[in-house]
Amino acid sequence: MSKRIDVKNLDIYYGDFHAVKSVSMTIEPRSVTAFIGPSGCGKSTVLRTLNRMHEVIPGAHVTGEVLMDDRNLYAKETDPVDVRRQVGMVFQRPNPFPTMSIRENVLAGVSLNSKRLSKSAADELLEQSLRGANLWTEVKDRLDRPGAGLSGGQQQRLCIARAIAVQPEVILMDEPCSALDPISTLAIEDLINELKSDYTVVIVTHNMQQAARVSDRTGFFNLEATGMPGELVEMDDTPKIFSNPSKKATEDYISGRFG
Amino acid sequence: MSVETEPTARQRKLSEIEGVDLDTVRASSNRQSYIVLGLAVVVGALLWLLGLHPALAVVLAFVAYLVIVYAVYRSTAGSRVAVDQVARGLVLGAFVLALVPLVSLLWTVIVRGGATVVSPAFLGQTMNGVTGLQDQATQRDGAELIGGAYHAIIGTLIITGLAALISVPIGVFTAIFLVEYQPKGRVSHLIRFLVDVMTGIPSIVAGLFAFALWAVLFGIGTKNGFAGAVALSVLMISTVVRNSEEMLRIVPNELREASLALGVPKWRTIAKVVLPTAASGLASGITLAIARVIGETAPLLVAVGYARGLNVNPAEGPMNTLAVYAYYMFTKPLSPGYREPSLDRAWAAALLLVLIVVVLNLSARFIARAFAPKTGR
Amino acid sequence: MSAPPAASERPPAPAKPPRRPGDVVFSGLSTASAFSILLILAGVAIFLISKALPVFGADPAEVTGGEGFLSYVWPLVFGTLVASLIAMLVATPVAVGIALFVSHYAPKRLGTAVGFVIDLLAAVPSVVFGMWGFQVFAPKLVPLFGWLEEHLGFLPFFESASRTGRTLLTASLVLAVMILPIVTSVSREVFLQTPRLHEEAALALGATQWEMIRTAVLPFGRPGVIGGTMLGLGRALGETMAVAIILSPGVFTWNLIDTGNTTVPAEIALNFPEAAGLRLSELIAAGLVLFGITLAVNLAARAVVERRAEFSGAN
């Protein structure tokens with residue numbers, strides 16, 4: 001599992017609005033890549049283009065290429081549904097399915113695609129995914145209770161379990177801790193550290209300390225002014241970005257001069 | 001409210017700024033209002049005993065309650081609390097006022113229809129061959145009631161069932177179109193507009209439409225059960241669309257995104273995530289739509305006509321339905337001199353309709369719970 | 001799955017994804033359903049107009065009343081409007097009160113129970129309301145009408161009182177009761193959806209409960225209340241059986257508390273079963289006029305509601 005992603009000259013539009021301009025970058029497998037930058041700079045938008053979730057918004061489209069191990073996600077014959085099975089996503093607010101139990105939530109990706117699953121295989125996948133999300137010990141006695149009944153941090157880890165149950169190559173996280181308390185945040189950050197041994201992880205975060213703590217590489221996004229497209233200013237190893245960035249704007253941002 | 005601090009040069013207290021008129025609130029409880037309420041009840045009872053019309057006594061007592069409550073709270077807790085209490089009184093008053101006719105209606109229906117609705121004649125017989133003579137015998141000589149609403153019950157089920165079969169798929173899929181496929185844009189704008197127009201179709205006009213349509217298709221004056229089902233569908237579709245659209249819209253986008261991000265195709269996302277999440281709402285919306293049309297009278301009067309006997313073929317000839325049956329029995333008794341048996345049948349049919357509505361609503365709740373079993377338990 | 005026809009490569013054109021059979025069927029069904037609404041409405045308009053046309057070409061003397069369709073229909077329209085407006089004016093404040101009671105004053109369980117009862121009553125058939133109005137309500141109003149005649153008789157509305165209570169005012173009040181559940185349940189629904197944050201923000205600023213309702217709940221619920229009221233008005237305008245049963249119909253009069261007046265739907269229901277020929281066209285044309293009025297009401301409602309649509313909370 002775990003694949004490398006190459007983004008080449010990616011431009012993102014919402015209708016006529018040019019949201020992000022000309023992004024090129026490489027995301028290494030088995031590593032954590034963080035996107036940081038001020039609000040509205042397009043970091044979440046770029047993240048969503050990595051599994052074509054931006055297409056949910058009517059009028060959104062891109063030009064350029066996103067290659068996952070040399071397969072273009074935007075090739076005409078590529079099915080977005082297929083892309084999303086390989087590139088999982090965790091959202092800002094925990095969103096377990098309210099009609100489903102914890103168990104059903106974890107297995108949702110499989111059952112919604114109507115793949116038949118024997119009871120034993122389902123149990124195994126369930127335990128494996130929940131263990132992978134550091135949630136197994138907390139919920140193993142109440143797997144048939146509603147997923148919405150868990151605490152916010154547990155719900156978010158349930159969503160991570162749900163994402164890894166479909167066994168993707170890449171996991172995208174869109175500010176996964178912004179709705180959580182510090183303890184839950186810590187649990188998620190620990191989990192991210194473990195996930196990178198199996199997956200390519202890309203995380204968008206507002207929190208620079210978080211980026212510094214969890215990521216191997218960091219990309220800094222910025223926009224020149226409101227209404228202008230966002231762009232990738234620079235991308236480098238995390239220690240370098242935070243100690244010795246090559247661009248002035250990056251330094252200004254991480255030293256807290258704006259953003 | 002206020003913490004005693006020395007006002008500094010930079011920050012003055014609100015009360016010291018010119019033009020700010022602070023209206024403070026002092027602690028209060030609802031206790032006084034209950035005492036006043038008790039007082040008002042006593043006043044009302046006295047007025048009634050003094051010979052006032054009971055309705056008038058109640059109104060006067062209520063006004064007295066509002067005035068006294070305002071005065072009491074204004075003096076103890078300030079005018080804002082007094083206004084709050086008056087609002088409270090008005091809200092409670094509205095609630096009680098509305099209960100009066102509704103309770104009276106249910107009471108009348110149960111008392112007037114209760115005895116007849118359980119009689120085997122009402123449930124098992126049609127009006128075939130029943131004339132004023134039988135009613136005369138029933139009322140004057142105490143003979144058993146002859147003639148019931150069996151045919152109307154069957155007709156109601158057939159016509160409403162057909163209407164639901166037409167409306168529910170069209171309505172729910174239209175809602176899916178509006179929420180999932182074309183949430184914005186000119187087409188959905190047009191469809192929403194048309195649904196609004198449809199909502200505005202008065203029931204009698206729907207009946208006229210079915211009548212006119214059938215007149216063109218099958219010759220003028222053709223009345224049958226299908227025409228009634230079409231008329232009811234015209235009324236029902238818009239309700240189903242509106243209710244369903246509302247319910248689908250409430251489903252958080254995050255759930256759709258969660259599903260799509262798991263690599264689930266759009267139609268499965270709709271069918272297995274959106275619809276189940278909205279299931280309870282959809283079920284209750286559909287049931288309310290059915291319950292609304294099951295008691296329709298006017299369109300069926302126009303499009304289906306009136307049958308005295310059983311007709312189970314909706315493609316051929318007039319049928320009867322409970323609402324139309326009640327209307328005819330109530331306004332055109334079989335024997336003008338001996339109206340009671342006909343009125344009994346009318347009230348029994350009314351009670352039966354109300355009961356059906358209740359059962360429909362209860363079963364909607366039950367189904368809703370069965371569809372979404374794992375939330376909040 | 002076959003590749004779609006080659007879309008133009010020229011950027012920024014969106015890539016066309018391959019379609020799954022399930023998606024094709026599902027979206028096809030949805031689209032077809034949506035467009036069937038257009039068909040149905042076109043059918044309503046076409047068939048009603050075609051059946052109503054003869055009356056406009058007919059000799060005015062042959063139309064009921066002998067002076068043409070317009071002078072036949074306007075008293076009916078007037079009666080309909082008066083009855084419905086009275087109903088709306090009476091019902092709306094009460095309905096908002098009940099809705100607030102259920103959503104913000106009553107204990108949760110009582111609120112749920114009351115909400116359920118209201119849902120039930122919204123579905124009580126109009127013929128039952130008519131029977132109740134005729135048999136129970138109308139006689140109870142006779143003393144009130146007597147009082148109105150005695151003390152306000154100088155007004156044209158209260159000139160002389162009916163002894164049966166089967167008057168336009170009675171019908172209006174029954175209509176008010178009938179639309180009460182609808183207006184209430186719609187209002188309650190929106191009041192319950194008021195974001196807790198807004199309510200708590202108001203309370204945290206020191207607002208009393210009523211001030212919280214006034215500043216947070218009512219503004220949020222206003223489009224819903226207007227929508228509910230308009231639904232109620234629409235139902236009152238088109239309401240047939242209750243009026244047909246209760247009202248003792250007659251020619252137009254300003255007097256609200258005596259027999260007389262009638263409404264369009266009642267006129268149709270009472271006369272349609274025996275109508276034939278030109279009379280049929282006349283009634284269908286009257287139905288068209290009624291449809292036009294309810295249409296106008298609905299469009300007005302829509303305009304009001306739409307202006308506030310940004311607040312609906314859904315995306």
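Is B:Phe218 buried, exposed or partly exposed, and how many C-beta neighbours does B:Phe218 have inside 10 Å? B:Phe218 counts as partly exposed, because there are 14 C-beta neighbours inside 10 Å. For that term, a residue is buried if 20 or more other C-beta atoms lie within 10 Å of its own, exposed if 12 or fewer, and partly exposed in between, with C-beta atoms placed from the backbone.

Before going on, some ground rules. This is a predicted model, in which local features need pLDDT of at least 70 and side-chain atom pairs count only at pLDDT 80 or more, while totals for chains, interfaces and linings use all residues. Residues are numbered from 1 along each chain as its sequence is written, and chains are lettered from A and ligands numbered from 1 in the order in which they are written.

Back to B:Phe218. This residue lies in helix α8 of chain B, residues 203-218. Helices (H or I, at least four residues) and strands (E, at least two) are DSSP runs, numbered from the N terminus. From B:Phe218 to B:Val241 the separation is 23 residues in sequence and 30 Å in space, C-alpha to C-alpha.

Staying in chain B, take helix α7, residues 186-199. Its 14 residues, at 1.5 Å a residue, should span 20 Å, and the end C-alpha atoms are 20 Å apart, which agrees. The expected span here is 1.5 Å times one less than the number of residues. Buried residues in α7(B) include B:Ile191, B:Arg192, B:Leu194 and B:Asp196.

Next, a helix pair in chain B. Helix α1 (residues 31-49) and helix α2 (residues 54-77) of chain B pack at about 150°, and their axes are 8 Å apart. Axes are lines fitted to C-alpha atoms, for helices over the stretch in contact, and angles run from 0 to 180 degrees between N-to-C directions. α1(B) and α2(B) are therefore roughly antiparallel to each other. On that scale, angles under 35 degrees count as roughly parallel, over 145 as roughly antiparallel, 65 to 115 as roughly perpendicular and the rest as oblique. The crossing of α1(B) and α2(B) is right-handed. A crossing is left-handed if the near helix is turned anticlockwise from the far one by less than a right angle, and right-handed if clockwise.

Among the residues making this contact are B:Val36, B:Leu47 and B:Trp48 of α1(B) and B:Phe62, B:Ile68 and B:Tyr73 of α2(B). Two residues are in contact if their C-beta atoms, placed from the backbone, lie within 7 Å. By class, the contact of α1(B) with α2(B) has 20 nonpolar, three polar and no charged residues. Ala, Val, Leu, Ile, Met, Phe, Trp, Tyr, Cys and Pro count as nonpolar, Asp, Glu, Lys and Arg as charged, and the others, Gly among them, as polar.

Chain C has a pair to set beside that one. The axes of helix α6 (residues 196-204) and helix α7 (residues 209-238) of chain C come within 8 Å and cross at roughly 155°. That makes α6(C) roughly antiparallel to α7(C). The crossing of α6(C) past α7(C) is right-handed. On the α6(C) side are C:His198, C:Glu199, C:Ala202 and C:Leu203, and the residues they meet in α7(C) include C:Met212 and C:Phe220. This contact divides into six nonpolar, two polar and two charged residues.

Helix α7 of chain C also holds C:Trp210. C:Trp210 counts as buried, with 21 C-beta neighbours inside 10 Å. Leaving aside neighbours within four places in sequence, C:Trp210 is in contact with B:Val83, B:Asp84 and B:Ala87.

That leads to the interface between the two chains. Contacts join 68 residues of chain C to 77 residues of chain B. Helix α1 of chain C (residues 21-57) supplies the largest share of the chain C side, 19 residues. The chain C side divides into 43 nonpolar, 19 polar and six charged residues.

Lastly, chain A and two of its loops. A:Asp69 is in the loop between β4 (60-68) and β5 (71-72) of chain A, and its phi is near 45°, a positive value in a residue other than glycine. A:Asp69 is exposed, with 12 other C-beta atoms within 10 Å. A:Glu175, in the loop between β7 (170-174) and α8 (182-195) of chain A, has a positive phi of about 45° although it is not a glycine. A:Glu175 counts as buried, with 21 C-beta neighbours inside 10 Å.
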